[in-house]
Amino acid sequence: MRRRVLIAKAGLDGHDRGAKVVARALRDGGHEVIYTGLHQTPEQVVAAAIQEDVDAIGLSVMSGAYLSIFPPILDLLASADAGHIVVFGGGVIPAEDVEQLLGMGVARIFGPGASLEEIVEWVDNHL
C-alpha cells in the first residue's frame, strides 16, 4: 500500500545526504515522499505533516540533538490530535538513547549500517 511519508531535518543539522537517500529509496519503493529541507523547527515539521496528511514522519538527526528534537515533535503531534502519525528516525544514536526514544513513542530508530531495503520494508510493514 502506498503511504505518504514526510522526511524532515529539524534543528541546525546540515547533514542531509542520508535524508535525501532515504527519501529517494522510499519513493522508489512506491511511497509518496515529502522532504522538508534543512533547518526546520519541530513546529514546522508537525505543521507540514498535518498539512500534507502524512502517515509517518521520518527524522534524520546527525547532530546529536535527537533528545531535543523528537520529544517536542511527539508532543506537538499529540496536542494537535495527530498522534496517529508514526514517527521514526535515523542517525548516530547510542543504544541507551534509542531505548529512551522508543519509550517516548518513537516507532523505530535506524542506526548506521541500516540498509535502504530494511527501511523501505519497515515502512511497508508497519504503517
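Two strands are taken as paired if DSSP finds at least two bridges between them; helices (H or I, at least four residues) and strands (E, at least two) are DSSP runs, numbered from the N terminus. The model is predicted: local features need pLDDT of at least 70 and side-chain atom pairs count only at pLDDT 80 or more, while totals for chains, interfaces and linings use all residues. Residues are numbered from 1 along each chain as its sequence is written, and side-chain values use heavy atoms, with hydrogens and water left out.

**The sheet**

Begin by selecting the five strands, which form an open sheet in the order β2-β1-β3-β4-β5 with parallel pairing. At the edges are β2 (32-35) and β5 (108-110), each of which pairs on one side only. On average, neighbouring strands of this sheet are turned by 20° against each other, direction ignored; axes are lines fitted to C-alpha atoms, for helices over the stretch in contact, and angles run from 0 to 180 degrees between N-to-C directions.

Next, display β1 and β3, which run parallel and are joined by four bridges. Ile7 has Gly58 of β3 as its bridge partner. Then select Ser60, which is found in strand β3 (residues 56-60). Ser60 is buried, with a relative accessible area of 13%; buried means under 20% relative accessible area, exposed over 50%, and partly exposed in between (1.4 Å probe, protein chains only). Leaving out residues up to four places away in sequence, Ser60 touches Ala8, Lys9, Asp13, His15, Ala19 and Gly90, where contact means heavy atoms within 4.5 Å.

**The nonpolar cores**

A nonpolar core is a set of buried Ala, Val, Leu, Ile, Met, Phe, Trp, Tyr and Cys residues joined through side-chain atoms within 4.5 Å. The largest one has 26 residues, and Leu6, Val45, Ile57, Leu59, Phe70, Ile73 and Leu77 are those with the most contacts inside it. Two or more residues come from each of β1 (4-8), α2 (42-51), β3, α3 (66-79) and α4 (95-104). The element that gives the most is α3, with six residues.

Centre the view on Ile73: its neighbours within four places in sequence aside, it is in contact with Pro42, Val45, Val46, Ile57, Leu59 and Val87.

**Helices α3 and α4**

Show these two helices together. α3 and α4 pack at an angle of about 10°, with their axes 10 Å apart. That makes α3 roughly parallel to α4, a term for angles under 35 degrees. On the α3 side the contact is made by Tyr66, Leu67, Phe70, Pro71 and Leu74, and on the α4 side by Asp97, Gln100, Leu101 and Met104.

Leu74 counts as buried at 16% relative accessibility. Apart from residues up to four places away in sequence, Leu74 touches Val87, Met104, Gly105 and Val106.

**Two loop residues**

Finally, turn to the loops. Most residues other than glycine have a negative phi. His39, in the loop between β2 and α2, has a positive phi of about 60° although it is not a glycine. His39 is partly exposed, with a relative accessible area of 43%. Asp81 lies in the loop between α3 and β4 (86-90), and its phi is also positive, near 55°. Asp81 is exposed, with a relative accessible area of 69%.

How values were computed. Angles under 35 degrees count as roughly parallel, over 145 as roughly antiparallel, 65 to 115 as roughly perpendicular and the rest as oblique.
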